Structure formats: C-alpha cells, structure tokens
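Let's take a friendly walk through this structure together. Here it is for you to look at before we start.

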Amino acid sequence: MGESEPSASTACRQDKKMAYHKVNAEQRAQGHSPYLDNDDLQATALDLEWDMEKELEEPGFDHFCLDGAAQPPLGNSQSPDLDLEPIQPSTSPKGRFQRLQEDPDYISHYARQAPKSNHCSFSQIFKILCTVLILFILGILIGYYAHKKCPSSSASPEPNNPHVYQEILEEIKAENIQQIYRDLLQFPREEDTDVAMNILAQWTSHGLEDVQLANYSVLLDLPGSSSNTVTLKNSGECFYPSGQQCNRETKKLHARDLLYSYAAYSAKGTLEAELVDVQYGTVEDLVRIQAITNVTKKIALLKLGQSPLLYKLSLLEDAGFGGVLLYIDPCDLPKTAVLDDKAFMVSLNSGGDPSTPGYPSIDGSYRQNRSNLTTLLVQPISAVLVKKLVYLPEDSIRKDMCIPLRLPATEKKIINLNIQSVTTYKTISNVIGYLKGTIFPDRYVVIGSHHNSMNSYGGQEWTGSSAIITAFIQAVMLKAKRGWRPDRTIVFCSWGGTSFGNVGSYEWAEDLKRVLQRNVVAYVSLHNPVRGNSTLLPIASPSLQQLAAESQSFNCMEKTKCPRSNVSSVQIQGDSDYFINHLGVPATRFSYEDVKTSEVNSSFLFEALFPVHTTKTEELDPSFRLHETIAKLTGHMTLRIANEPVLPFNALDIALQVQNNLKGSQVDTHQLLAVAARLRDTAELFQSDEMRPANDPKERAPIRVRMLNDVLQSLEKNFVIRQAPPGLYRNILYRLDERTSQFSVLLEALEHCKLHQSNETIEAALSEVLNSINSAQVYFKAGLDVFETALAGKK
C-alpha cells in the first residue's frame, strides 16, 4: 500500500498535464477554426497552459485529483502534437525512445489509432471541437480549484508585511502589563509547581492551545534552619551576613533574608583562618598576594566584578584558599542603588541539575553525589559588614568621591566562618507553550522568561519577566484568532529554578537535545528586563546585531525619547546559557539597567541576587512604560525571526567580529588572521550571491530558501568550543564585557601563563580558536558549493 499511493498520484498528475498539452496542441492543429483565430483567446489558452503546468507541479495538487479525470479518454485524439511523455511510468529506468524500440507491448498499449480517411466528415470535426471545448472547460475548473485549495509557498505577506507586526505590537499596552504583574503577585509561591500551574492557566486563558508542564526532580542547595555567621576572633563579635549582630531579635525580624544570604552549592562546615584581601581576585592580585604570604587554607576577602565569579573562585581554589567572603564594593554601584546593608545570594552551579551533569533528570537517571561544587566555603556579605571587618572610620567616606574598600595591610584579622546549607531534591516545573508555524513548523523561535518561588532573592524580578511574556502571548493570540499564524513555530517558555543555576532550562534542553539541535533557530531572552531605569542595554549574538538595531528603530515612536544604544555581544545572565553555549543558537536580550557600563569593575555584578520586594519594580517603572518598551522590542525581534522567509541573520557580521577580536592580541595571531580573512571573503560571497537573491520574491525558490536557512541556522555552532574555563562562555563569539574586544579564551590563557609560567594553555586556546574560525570558513564554503551544484543541475 505504501508504494501504490505515490504511483497513483503521480499518474494522476501526469494525466492532467498531458490533457493540457493536448488542449494546446489541438488548438494549434486546428488553426483554421474561426473560434481559435481570435488573438485574445489564443493568448488566454497559452497563459492557461503555463499556469496549469506550474500548478500541476506544486506538491499537494494530487490531493485534489478528480475521480472522473483519473484516465481521460485520449485514445481517439487526432492531434499530431500529442506528447506521451507525461503518462510514462516514473519508475521506469529506461528512456522514452529506448522503451519504444524494445517493448512491443508498450507500443501497442499507448500507440495512437491510424486515421481511417484523409477526408474528415462534418461529424468528426464537430466531435473534435466538442472534445476541445470540454477539455478546455474542465481545465479551467481544475485549475481554479487547485489554485484555490493548494497552499502557496508564499502564503505569508511579502516581505512579511510590517503592518502585521505593528498591529500585534499595538495590542501590548503598559496598563495591561501592569495588571498582569499585579495578578501574578497574588499567586501562592510555596512550591514551584504551584506557580507554574497558575502561569499555565493564564497562558491558556489567552488562547494559547498547546501548553504543557515539564517537571524535573533536581538537587537544590537550600539554607539550613539557622543563618550562616561570621565571627571576629579578636573581639568575639558575631555577625550575620547582612552586618547585623547575632541576636534573637534580629534573627526573627529578618529571618528569610538572613537565611537566603548564602552561596548555593558551597562547601559546608566551619573554618577559622586569617582574612586576606585579594580585591577582585585577578591574576595580578593573586601574584601580588602570593609573593608576600602563604595563602593555604586562608579566607579570601573578594570583590564581585571584573570577571565571572566561577572563574575567580577556580583561581582561588587552585591557589590553596579554604574560604571566601564575597561582597560588592559600593563604589562599583550606581548612585541609585543603595545596597550597603544587604547581603545577597549567588549560585556556584554552572548549569543544570548537579546530580545529572550533561543529561536530563528523568526517572531512572543515575544520580551523582554532588552536594557541593567547590572545596571553598563561600559566603556573600554586605558592604556594612566589610566596613566593620576593616575598621573603616566614618570620616574616611567623602561625599564628593567614593573610596574603594581595602583591608589595611598592617592588620591581621582572624575570623571564624560558619556555613550550613542543606541539599535536597525538589520538583522544578517549566511551562512550555507552542504556537505552530504554517510554512516551517519544524523550526522553533524560543522566547523565555522565568518564574521563582523558592526564595525572595530576585523574587519580584520574575514577576516583571512573566508579565511581559504573558502580554506578548495575549497580543499574538488576538491576531491568531483572526486567522494569522507565524511561518515558524514560536515556543513560549517560563523556566523554573533559574536562581540555582538555570536548572529548569538546562534540564528541558538536555531532555530534548536532539530535537532542539535540529529545530531551534534563535533564543529571545526576557531575563530580568527592568533592573534599573536609566540605560537600555541590548545584547545580541553577532548574527542578530543588525536585527536588534532595526528593532529599536522600528519601535521608536517618539524620536526625542528614542533609545539609541549600541548592540553588543557580551556574556549575559539567565536561561539563554544552554542555547548559546551548548546548542550554538543565536540569542538576544533587551533590558533596562542602572549599571555603570563605562566601568570595567561593574561587569558581572548581575551574578548577585539581592532581595527584591513587591514595591521595587513599581518604584523603578511606576507607569510600566519601560516594561512596554521591552515587550515591543522583544516582540518585534521574535516576529521578524519567526516570519521572515529568509532568516534575518547576518553572516558577514560574524566574520567582521572575528577579525575585530583578533586585533591588538598579545599572542601571535598570524595564522588566525589569515583564516579570518578567508572567512570574511567567503561570508561576503555568501551574503551577496545567496542571501540577497533569496530576499527577492521573484528569485525565491522554496527549496533554495530552505537550503539557505539551514546554513544560516547552524552558522554559530562552529564557534562553540569543546571546553572553556569556569564561568567563561564556550561560544567564543561573546566577549567578557563592553571594554574587552579579544576572545575570552585567549585572554584567560594569557592570565594562566602569568600564574604557571607555561605556554601550553596558550597553544591549546589558539588551536581552539583557529579550528573554530576554519570550521566556519569551510562551512560557508560548503554552503556555496551546494548552491552552485543546485543551480548547475537546474540549468
């Protein structure tokens, strides 16, 4: 049965095509007919033949094959131009004329009858004219219904009508987001699944039909029954991480904040040792400290900032430290942020369930015993407590300038650090909703927010994130109810367990890894969209930078208030991590912040999760206009990626960024520059020869567009290296911060050389970068070769 159906449909299609050849042939043969002398009628017949041939070649036409037309009575045709080729069996390995010579049955079966007389009677002429007229009318009817019913490959607006985007985005209003935000605050937050269930119900109420929960049992590191403490050995004074003295009143007053001032997945226990000020924990800082003292089993006083926390902790662990007190220097914060007396939470988890590294936490999975992910006892503390530890006099803090905190070199501090947390398995729930695409339903644009229920750290930030994605769903589904659908499938995600190391997104992505590797084209992040109100910070992978800039222009309604921000490719926090570093998927995010972007020390301060209470978000954005802006910018990006016939990715921008990342490097990059130049040349050819023609509707063949999109979808996968130092991206296209333009792995290799006096790490890093650039160049070249072969075959 599986083989007979295609043969029948093919024969049906061929018979119809033959019928139209016959119509045209008989029209030409009967040139003396008064009905065919009319020029307009002849032109119409030729146009009909052309249109019908195209329609008969469309996939899916055979679904509308009429039973009565399956075998038209063509045996009595007198047309000398009748072409028998369309009705030949498509599976025959022989050519048409070879079959006619070797197969007498074939000839007897398909041969036309010889004419009985050279003189045609009036009745014969009348029959021929009637046959022509019937076939002509039948052809018009079949062509009309085939054109009406068969889906067109260019059903979407050309070139994806911007008015459609505008209509959807106009439905996103600040007051709607504010109402959704306040509704979300009413959700009970005892268990992660409860929050997820409420979000699922909310999305479903807006019309999103395919919504589901994805639950995973994961290992979390939660606070113990009592707060961690820091005790000064000399005076015996005991302090909580916030800087308040240990007593029952303080503990009862701020019990939840005190408990959640900790480092998840830190080592547990008690350590009494000397406190050593390592400032930002850079290689220069460590070289300086190790030259004057033995740091083994001592406690480092470390500032957050400059580079990823996990990278700095790995350096301290290698150096032999036993513990770390972690804080944020007030001088690194914007003036609007008053956080001196607040401790914070950090996660030492690089991503996913620690007990199932690299594979999903599903029933039957092997669970590893990993209650802590470092040998260091790590404790975040407030700036107030740091000032008490360093005995900083109040008059040393001047109003006109900020003096960075520093432990006096002459003083020796002995402290007792007590850390108690508990690892336990909890259910983390993700909410996943699908809006299926019409033309490329197997290609996904993933847009993700997160929800949080386990603690109040980062607590209300998730509410703004969830309100924005819900408002976008509401606007999109209003359009969908009127018949609109995206070309590609949009996957809406609300992740659980983000504050513990993006646990929810990692587990879901590991669970669906093979599907996502093939299907995901981009990730759009809504992680913490409004952390401040002064600066719009757009971040995008190089291939999406132009689209991010265009989205800002598209959504700029008031020119005087139009945010003009440069789009950068720097490491970002949140659930985009797995998509960027393991799947090699282009990603983007818009957010408002108050961070001092001009100061290198302020980078990576986002790794600290401060307690954010209910009123904070509405203080930052009382009118919710900033939330509306983020929703529209994010929505426009999502709609463009989901609907453009050709993915709006810029291959040349990747090649240009690769060259820029090699400029000013302190290592020998002669070979790298040569390969990067070849990559740029190939990317330029790809951009001009393939992408520009494909964006012209007149030259846009469906198979060519699909081939082109497959190349664009996977281009960033070439830059995901096998392994990177802790905290650094495996996707080398992303820089550490705004002020750093070199490849992060090369910078780290140079730092490693200063500590260990070895070039081995540099050589390994150079090899990784070289192979990545060369892989991308070969990938583009192979794509060009495929297109050239396809064009040659077509000719």
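## Cysteines

C246 has a relative accessibility of 27%, so it counts as partly exposed. Its partner is C238: the two form a disulfide, with their sulfur atoms 2.1 Å apart. C238 is partly exposed as well, at 24% relative accessibility. Keep in mind that this is a predicted model. A search of the whole structure turns up one disulfide. What is its handedness? The torsion about the S-S bond of C238 and C246 is about -65°, so the disulfide is left-handed.

Two further cysteines are worth a look. C493 is buried, with a relative accessible area of 0%. C753 has a relative accessible area of 18%, and because the cut-off for buried is under 20%, C753 is buried too.

Seven strands build an open sheet with mixed pairing, and their order is 3-2-10-5-6-7-9. Strand 3 (238-239) and strand 9 (377-380) stand at the edges. Each of these two has a single partner strand, so one side of each is left without a neighbour in the sheet.

Further in, you can follow strand 6 (residues 299-303) alongside strand 7 (residues 323-327): the two run parallel and are joined by five bridges. If you want a pair to pick out here, L302 stands opposite L326 in strand 7.

In soluble globular proteins, nonpolar side chains tend to be buried together. Here the largest nonpolar core has 171 residues, and L316, F321, F492 and I773 have the most contacts inside it. Helix 14 (residues 461-480) gives the largest share of this core, 11 residues. Another core, of 23 residues, lies apart from it; F239, L325, Y327 and L405 are among its members.

Which residues does F321 touch? Leaving out residues up to four places away in sequence, its contacts are V276, V278, L286, V295, K297, K298, I299, A300, L316 and L376. One of these, L316, is also among the residues with the most contacts inside the largest core.

## Helix 23

How well does the length of helix 23 agree with what it should span? At 1.5 Å a residue, the 12 residues of this helix (residues 702-713) should span 16 Å, and the end C-alpha atoms are 16 Å apart, which agrees.

Several residues of helix 23 are buried: R704, V705, L708, N709, V711, L712 and Q713.

Note on methods. Residues are numbered from 1 along each chain as its sequence is written. This is a predicted model: local features need pLDDT of at least 70, side-chain atom pairs count only at pLDDT 80 or more; totals for chains, interfaces and linings use all residues. Side-chain values use heavy atoms; hydrogens and water are left out. Two strands pair if DSSP finds at least two bridges between them. Helices (H or I, at least four residues) and strands (E, at least two) are DSSP runs, numbered from the N terminus. The expected span of a helix is 1.5 Å times one less than its number of residues. Buried means under 20% relative accessible area, exposed over 50%, partly exposed in between (1.4 Å probe, protein chains only). A disulfide is a pair of cysteine sulfur atoms within 2.5 Å. A nonpolar core is a set of buried Ala, Val, Leu, Ile, Met, Phe, Trp, Tyr and Cys residues joined through side-chain atoms within 4.5 Å. Contact means heavy atoms within 4.5 Å.
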